[in-house]
Amino acid sequence: MMVVFVCEDSFEGILCGVYDAWTSRLGHKNVKLAVDGQYNLEMFADYREAAVSEEKAQKVAQAVRTKISGRAYAWIYRASLSFEPQKADWIYRFLIYGFHIGEKVIGALQIPAVQEVFRLNRSVGNESHLLTEFLRFSELPQKALFAVIGPKNDVTALLMPHFSDRLRGERFIIFDEKRGKAAVHISGMEWYMMTGGEAAQLHELAGRTDSGEYAALWKAFFDSAGIQERTNYVCQRGHLPLRFRPYMTEFQQG
């Protein structure tokens, strides 16, 4: 019988799933990992909850860094932020090979699980990189900056080091409306993440942003930089996917 360990949709949750599956001693072929709420029930399968534990997550994280490599750890972290439901099991299969062959697993792209984790890692990294260019802030009446995003992957934590460095003297919030979570930065302090009810309250702020100096600057730049005779919408979509535009000031009316 196949045993499916159901993980919380977080990096720590997936690491705990890896720990429970590995220590179950049922054999790697007889276990799977699935993300809670993102799997279909299979016949003749036993489903077990992988409870989140800081101790279990730390043990797996430390083992990955010391027995495989720091780069492999970064790969599985970014892969865990993917929207794809199979990510937990691909990470588990990747680590099976990683603990067997060590740091060489990074180059073993002929192994399906390694290839999948590489793909997820690249996809999440690419979206994060694009959002450092496409994210737009508006100014709140409270003199704080507010940005709303709706990424495919859970990349807010990857964005914060970039903007915290460049806007270190500012108060700003990046709100992911798809996941109902917000990253908050206060001048002179470390940024932190808000989820649940507290983050939901911040969603109301999105409707109370003013046009402000930042919005006016972006719109003026967008209008002045374009050359009407050389407009190429096909090329534009290739460099700026349509899914980012609802969140960008220069494409909003008013």
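Keep in mind that the model is predicted.

**The nonpolar core**

Let's begin on the inside. In soluble globular proteins, nonpolar side chains tend to gather together in buried places. Here, the largest nonpolar core has 35 residues. Which of them touch the most other members? They are Leu 33, Ile 76, Phe 94 and Leu 95. Several elements give two or more residues to this core: the strands E1 (2-7) and E2 (31-35), along with the helices H1, H2 (54-67), H3 (70-80), H4 (87-101) and H5 (112-134). Which element gives the most? That is H4, with seven residues.

**Salt bridges**

Now for the charged side chains. Side chains of opposite charge can pair when their charged atoms come close. How many salt bridges does the structure hold?

| Pair | Closest N and O atoms |
|---|---|
| Asp 20 and Lys 56 | 3.0 Å |
| Lys 32 and Glu 42 | 3.2 Å |
| Lys 59 and Glu 55 | 3.5 Å |

Take Asp 20 and Lys 56, which form a salt bridge. Asp 20 belongs to helix H1 and Lys 56 to helix H2, so this pair ties together parts that are 36 residues apart in sequence. Are these two partners buried or exposed? Asp 20 is buried, because its relative accessible area is 15%, and Lys 56 counts as buried too, at 13%.

The salt bridge between Lys 32 and Glu 42 has another setting. Lys 32 sits in strand E2, while Glu 42 is found in the loop between E2 and E3, so the parts tied together by this pair are 10 residues apart in sequence. Lys 32 is partly exposed, with a relative accessibility of 29%. Glu 42 is also partly exposed, at 36%.

In the case of Lys 59 and Glu 55, both residues lie in helix H2. Because they are four residues apart there, about one helical turn separates them. Lys 59 has a relative accessible area of 42% and is partly exposed, whereas Glu 55, at 53%, counts as exposed.

Salt bridges can also share partners: in this way Glu 84, Glu 116 and Arg 119 are joined into one network.

Most residues other than glycine have a negative phi. Where does this model depart from that pattern? Arg 25 is not a glycine, yet has a positive phi of about 60 degrees. This residue is located in the loop between H1 and E2. Its relative accessibility is 71%, so Arg 25 counts as exposed.

Phe 44 is also not a glycine and has a positive phi of about 60 degrees. You can find Phe 44 in the loop between E2 and strand E3 (45-49). Is Phe 44 buried or exposed? With a relative accessible area of 67%, Phe 44 is exposed.

Note on methods:
Residues are numbered from 1 along each chain as its sequence is written. This is a predicted model: local features need pLDDT of at least 70, side-chain atom pairs count only at pLDDT 80 or more; totals for chains, interfaces and linings use all residues. Side-chain values use heavy atoms; hydrogens and water are left out. A nonpolar core is a set of buried Ala, Val, Leu, Ile, Met, Phe, Trp, Tyr and Cys residues joined through side-chain atoms within 4.5 Å. Buried means under 20% relative accessible area, exposed over 50%, partly exposed in between (1.4 Å probe, protein chains only). A salt bridge is a side-chain nitrogen of Lys or Arg within 4 Å of a carboxyl oxygen of Asp or Glu.
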